[in-house]
There are 2 protein chains.
Amino acid sequence: MEKKNSIEVCFSPALFDHVLTCSPFSVVVVDILRATTSICSAFENGVKQIIPVASAEEALSYKEEGYLIAAERNGIKLDFADFGNSPDNFMQESVRGKSIVYNTTNGTQTIKMVSDHKPVVIASFSNLSAVAKFLSTQKQNVVILCAGWKHKFNLEDSLFAGALTAELLNYDNMFMNCDSAQAALDLWSVAEPDPLAYIQKAMHRERLRKLKLDSILEYCFTRDTSKAVPLYNGFDIKNNLSHE
Amino acid sequence: MEKKNSIEVCFSPALFDHVLTCSPFSVVVVDILRATTSICSAFENGVKQIIPVASAEEALSYKEEGYLIAAERNGIKLDFADFGNSPDNFMQESVRGKSIVYNTTNGTQTIKMVSDHKPVVIASFSNLSAVAKFLSTQKQNVVILCAGWKHKFNLEDSLFAGALTAELLNYDNMFMNCDSAQAALDLWSVAEPDPLAYIQKAMHRERLRKLKLDSILEYCFTRDTSKAVPLYNGFDIKNNLSHE
């Protein structure tokens with residue numbers, strides 16, 4: 001009988017040290033608003049390579065070497081950067097074939113945190129089905145790591161974790177092994193009829209209002225606009241082309 | 001206009017350093033299976049004082065001074081202890097008026113962690129309404145701290161956080177200020193029609209099965225069997241009698 005692979009959800013980077021799943025496992029990094037949605041958008045638009053960096057200083061030193069830079073702090077594009085952290089920044093022909101250095105408040109920190117794992121998959125609603133299909137072929141346990149917000153639980157990443165869990169459970173070789181996967185799945189069941197309305201219910205709160213997301217919110221909750229499966233290898237992120 | 005007080009939910013002790021709420025705030029400690037349910041049961045049955053201690057060694061030294069001891073490790077009563085960590089251990093006349101020293105794997109560690117805060121309220125489904133009423137009179141922000149399980153999110157404590165949030169929102173002076181309170185509330189909305197059935201859905205998983213909870217599970221999810229409001233003052237837990 002085929003070995004079954006577990007699905008575990010980690011609601012915050014601060015909980016990653018406590019995951020139950022034994023290595024090796026596949027890690028799925030999620031930062032729906034907005035880093036991982038933007039990275040998927042960039043690859044869908046033909047970006048060749050994304051180099052996530054941990055600090056604005058490091059991004060600036062790449063700038064001096066001639067790289068394109070995407071960098072923000074608390075939602076605001078940094079002065080020296082070519083792009084902010086919004087998926088629509090990358091929906092233009094000029095990014096095709098380019099390398100982009102990426103630094104954000106939350107998402108890129110989370111990506112760099114799991115550089116020891118393999119594979120590390122960058123996921124969003126945009127590439128949900130492609131990611132699920134890729135993970136099902138890896139024959140490994142899966143940990144879905146929500147970037148959260150400043151180490152706190154957030155709704156958008158947790159909803160995505162539930163949506164991806166639901167999708168993975170369609171594959172016979174996957175099962176849930178923790179309460180957080182069950183909780184994410186149940187939250188998703190509440191939100192699924194209209195994820196955008198659900199998240200807008202939370203929009204009155206300070207954090208989401210400050211990000212001024214009106215123009216890209218619908219895109220961030222739209223499924224399967226992309227077949228990209230961006231993989232992080234500990235240095236850079238490239239689109240996995242092996243399945244195409 | 002009366003100042004409004006916020007409700008924040010913390011799904012794990014590992015997230016407590018990241019709470020948004022500024023001190024001072026009321027802390028509600030929750031370990032439904034089983035420490036906080038058992039502590040409520042003990043006070044409902046007339047226990048005078050509970051002293052939570054961080055280690056089995058410390059509990060043993062109290063034993064030598066003649067105290068009654070409740071102590072378990074991974075769900076199993078320690079040899080030298082008078083009681084384990086089950087609410088039915090305290091449903092007997094012999095505990096009336098007694099002091100009990102308490103040590104558990106999860107719950108007492110979480111209680112001791114917040115000894116700098118005031119008030120620290122011990123809560124469970126047994127005293128849900130009494131706790132909500134008490135908190136509403138404190139005119140302070142509230143952080144609901146789930147003990148979780150070995151620093152991980154768990155369903156039973158998170159469901160309780162949602163049930164308490166729902167109850168607190170019935171008071172005009174309370175509002176939610178974080179995504180985790182919203183998530184707990186929505187999880188509770190899924191479970192509320194039959195919390196016991198909901199949690200039993202998760203019972204096939206290793207953790208709950210190992211605890212052998214069949215006999216006390218229904219009690220742990222029954223609301224308002226007690227009017228006790230146990231408060232921790234940094235040293236011991238006593239029932240708040242000021243409201244009676």
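This is a predicted model: local features need pLDDT of at least 70, side-chain atom pairs count only at pLDDT 80 or more; totals for chains, interfaces and linings use all residues.
Residues are numbered from 1 along each chain as its sequence is written, while chains are lettered from A and ligands numbered from 1 in the order in which they are written.

**Chain A overall**
- Chain A carries nine helices and 11 strands; these are DSSP runs (H or I, at least four residues, for helices; E, at least two, for strands), numbered from the N terminus.
- For 244 residues, a compact globule would have a radius of gyration near 18 Å, and the 17 Å of chain A agrees with that. The radius is taken over C-alpha atoms, and the globule rule is 2.2 Å times the number of residues to the power 0.38.
- Along the principal axes, the C-alpha atoms of chain A fill a box of roughly 55 × 40 × 30 Å.
- Buried residues account for 50% of the 244 in chain A; buried means that 20 or more other C-beta atoms, placed from the backbone, lie within 10 Å of a residue's own.
- Take the contacts in chain A between residues at least 6 apart in sequence, and 78% of them join residues at least 24 apart. A contact here means C-beta atoms, placed from the backbone, within 7 Å.

**How the two chains pair up**
- Chain A puts 22 residues into the contact, and chain B puts in 22 residues.
- On the side of chain A that touches chain B, α5 and α6 (179–191) are the elements giving two or more residues, with α6(A) supplying the largest share, eight residues.
- 100% of the interface residues of chain A are also interface residues in chain B, so the copies meet through the same surface.

**Helix α5 of chain A**
- Helix α5 (residues 155–168) has 14 residues and reaches 20 Å from first C-alpha to last, close to the 20 Å expected at 1.5 Å a residue; the expected span is 1.5 Å times one less than the number of residues.
- 12 of the 14 residues of α5(A) are buried, so the helix is largely enclosed by the rest of the structure. Among them are A:Leu155, A:Phe160 and A:Leu168.

**Helix α4 of chain B**
- In α4 (residues 128–136), the buried residues include B:Leu128, B:Val131 and B:Phe134.
- Their cover includes β2 (25–30), β7 (120–123), β8 (141–146) and α5 (155–168) of chain B.

Methods
Two residues are in contact if their C-beta atoms, placed from the backbone, lie within 7 Å.
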